[in-house]
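Subject: Structure handover

Hello,

Here is the structure I promised to pass on. Please open it alongside the sequence; my findings follow below.

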Amino acid sequence: MSQRIKLPFSNRYDYAYSNKYYHRHKKGFFKRFSNGLEQRMLAKALKMAGVVKVVLDLPCGAGRFFETILKAGCEKLIGGDLSVGMLQVIKEQFPAVLLQKIELLELDAAHIALPDKSVDTMVCMRLMHHIHDPAHRQVMYQEMRRVARHSVCVSNWIEGNYKSYRENLRAQKNGEKSRCFDPALLEKELEAAGFKVTAKVDMLPGISYWRTYVLQV
Ligand SMILES: C[S@@+](CC[C@H](N)C(=O)[O-])C[C@H]1O[C@@H](n2cnc3c(N)ncnc32)[C@H](O)[C@@H]1O
């Protein structure tokens, strides 16, 4: 099941924004520290996923997780993103020796232009907390399940920690809904899409809202 979905947030990632995004996680102690923790979270999740020879990283953004995925034992890496700006930044910033190992494709997470079961594991970092409509999330989860033959590692913002408390305050102040998910409801959605939750890796338990789910398809 797949369909065209237009998400207003997707339009934000033009070339200028993508270039800034590439540099953002390398700047300053706190950004580098939190990037390190996020890389460690994904490395743990990939280890738990177990089968990572062929991996799709979607959305790959500016390629922040490529080295972690390759280090986990990936032999064929596909980096997909809807933004041509992001893909352009990768081509400009990454060394040729690394680019040789990666196939870059313009892909939409709601309609992934790849055949069924084309990768062992799909990685999806920092996308789902932007998807507010449960029906849209279901379409994306089903697409992940369709293209992966073994597992999916997907990150999201969850309730029950210091950062989610801060996010709730921010949302209240602006008259918005918090973007953090009740883990029980999130897991129901994942199960409704046909996944089996095999592991949960928290970036910094009790402090950070980032969690990566390891899902069996
Ligand atoms: C916050 S960035 C995360 C990128 C990367 N995973 C990371 O953590 O560095 C969100 C990314 O989602 C991409 N994106 C937005 N809508 C998308 C869609 N429908 N399909 C695929 N990628 C999309 C954007 O272009 C952007 O690169």
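The shell around the ligand holds 12 nonpolar, three polar and four charged residues. This is a predicted model. Of the 19 residues around the ligand, Ser-10, Pro-59, Gly-61, Ser-83 and Ala-109 come nearest.

Now the sheet. Seven strands make up an open, mixed sheet, in the order E3-E2-E1-E4-E5-E7-E6. Strand E3 (102–106) and strand E6 (196–202) are the edges. Each has a single partner strand, so one side of each lacks a neighbour in the sheet. From one strand to the next, the twist averages 20 degrees.

Look at E5 and E7 next. Strand E5 (residues 148–157) pairs with strand E7 (residues 210–216) in the antiparallel sense, over seven bridges. Asn-156 has Arg-211 in E7 as its bridge partner.

Helix H6 (residues 134–147) lies across strand E1 (54–57), strand E4 (119–124) and E5. H6 runs at about 150 degrees to E5.

The axes of helix H1 (residues 15–24) and helix H4 (residues 84–93) come within 8 Å. They cross at roughly 50 degrees, so H1 and H4 are oblique to each other. The crossing of H1 past H4 is right-handed.

Which residues in H1 and H4 meet? From H1 come Tyr-15, Tyr-17, Ser-18, Asn-19 and Tyr-22. They meet Gly-85, Met-86, Gln-88, Val-89 and Gln-93 in H4. By class, the residues of this contact are five nonpolar, five polar and no charged.

Best wishes

Terms used
Residues are numbered from 1 along each chain as its sequence is written. This is a predicted model: local features need pLDDT of at least 70, side-chain atom pairs count only at pLDDT 80 or more; totals for chains, interfaces and linings use all residues. A residue is near a molecule or strand if its C-beta atom, placed from the backbone, lies within 6 Å of it. Ala, Val, Leu, Ile, Met, Phe, Trp, Tyr, Cys and Pro count as nonpolar, Asp, Glu, Lys and Arg as charged, and the others, Gly among them, as polar. Two strands pair if DSSP finds at least two bridges between them. Helices (H or I, at least four residues) and strands (E, at least two) are DSSP runs, numbered from the N terminus. Axes are lines fitted to C-alpha atoms, for helices over the stretch in contact, and angles run from 0 to 180 degrees between N-to-C directions. Two residues are in contact if their C-beta atoms, placed from the backbone, lie within 7 Å. Angles under 35 degrees count as roughly parallel, over 145 as roughly antiparallel, 65 to 115 as roughly perpendicular and the rest as oblique. A crossing is left-handed if the near helix is turned anticlockwise from the far one by less than a right angle, and right-handed if clockwise.
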